[in-house]
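Here are a few friendly notes to read alongside the model. Please keep the 3D view open as you go through the points.

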Amino acid sequence: MANANRWSPPRLVVYGITTVVLNIGIIALAFINHDYYYTACIQLSQSGAAMMILANMGILMTILLGKLFSRIFFGRLRAIEIERLYEQGWFAVTETCLALAILRDEFDAATLALFVFLLFCKVFHWIYEERVSFMEQQTGLTALFLVRTVSLSFILASVDFIMVMYAIENTKRYGPTMLVVFGFEFALLLVRFMSTWAKLILNTVDILRGGEWEEKQAYVFYVDFVDDLAKLVVYVRFFFVLMKFYGMPIHILRELYITARSLINRCGDWIRYRKAMQNMHLQTTKLSNLSPQRS
């Protein structure tokens with residue numbers, strides 16, 4: 001629970017006040033030393049400490065904006081959701097840093113901003129998935145939940161699609177840049193969103209039927225199968241693109257292996273299911289043939 005309360009309000013307030021005071025001080029100092037706006041901005045941009053302080057201000061604004069959007073679309077987060085956010089966040093930060101290490105020659109302020117924006121979008125995708133999974137434990141749906149979920153679904157899908165198309169157009173125009181990494185990351189988010197959206201529809205239908213929809217698990221299986229297949233295609237394409245232009249992309253090897261193993265396991269489950277159904281059909285046919293003979 002200590003990790004879940006890492007960004008508790010008192011600490012966030014201290015961090016916010018410190019960041020604001022440092023920003024006011026560094027900007028005021030720059031304008032005191034220079035009479036012109038342009039030269040003051042040049043000094044700020046050339047100072048590593050000033051850029052670090054300004055970057056912290058951007059992170060603070062991102063956190064506050066994230067808390068506002070989280071309250072609008074999700075209300076109060078559950079403890080398990082906050083805990084999983086931190087768990088997934090550490091993995092996401094580590095993998096993205098390894099990805100950016102491949103493009104270290106192109107790392108700049110724009111790359112940092114895209115990195116923060118990508119993590120910002122991932123957080124809402126994770127909470128969105130948790131809420132859809134939590135629907136399986138509910139017996140009813142409220143109008144507020146449906147409005148929030150549908151609105152957020154539209155926003156997430158639009159952002160993912162726009163970022164993917166922007167990365168594609170930028171790559172066509174200027175060749176492979178750091179946007180390649182972010183383009184594939186948003187493509188993976190779009191794939192995961194489509195899977196979660198399909199499960200949202202299935203859970204909604206199941207709740208409307210009173211939780212007695214027997215075919216639901218079969219549909220969930222096919223959704224997960226298509227999800228793994230689509231992710232594997234994206235990962236393989238991502239791997240070969242980075243391998244061609246930048247070298248071995250070690251940051252996706254783990255996810256590539258996990259996705260491939262999951263897909264293979266699902267294929268095995270489907271084959272065993274089909275064999276079991278065939279055997280059951282044969283046994284039923286034999287029993288049906290034996291019944292008239294015994295009569």
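1. After H6 comes Gly175, with a positive phi near 85°.

2. A word on the source: this is a predicted model, where local features need pLDDT of at least 70, side-chain atom pairs count only at pLDDT 80 or more, and totals for chains, interfaces and linings use all residues. Residues are numbered from 1 along each chain as its sequence is written, and side-chain values use heavy atoms, leaving out hydrogens and water.

3. Which residues of H6 are buried? Among them are Phe145, Leu152, Leu156, Asp160 and Asn170. Buried means under 20% relative accessible area, exposed over 50%, and partly exposed in between (1.4 Å probe, protein chains only). The cover over the buried residues of H6 includes helix H3 (48–73), helix H5 (109–134) and helix H7 (179–208).

4. How many disulfides does a search of the whole structure find? The result is 0, a disulfide being a pair of cysteine sulfur atoms within 2.5 Å. Cys121 counts as buried because its relative accessibility is 7%, while Cys41 counts as partly exposed because its value is 29%.

5. Finally, Ile271 lies in helix H9. Ile271 counts as partly exposed because its relative accessibility is 43%.

Conventions:
Helix = DSSP H or I, 4+ residues; strand = E, 2+ residues; numbered from the N terminus. Contact = heavy atoms within 4.5 Å.
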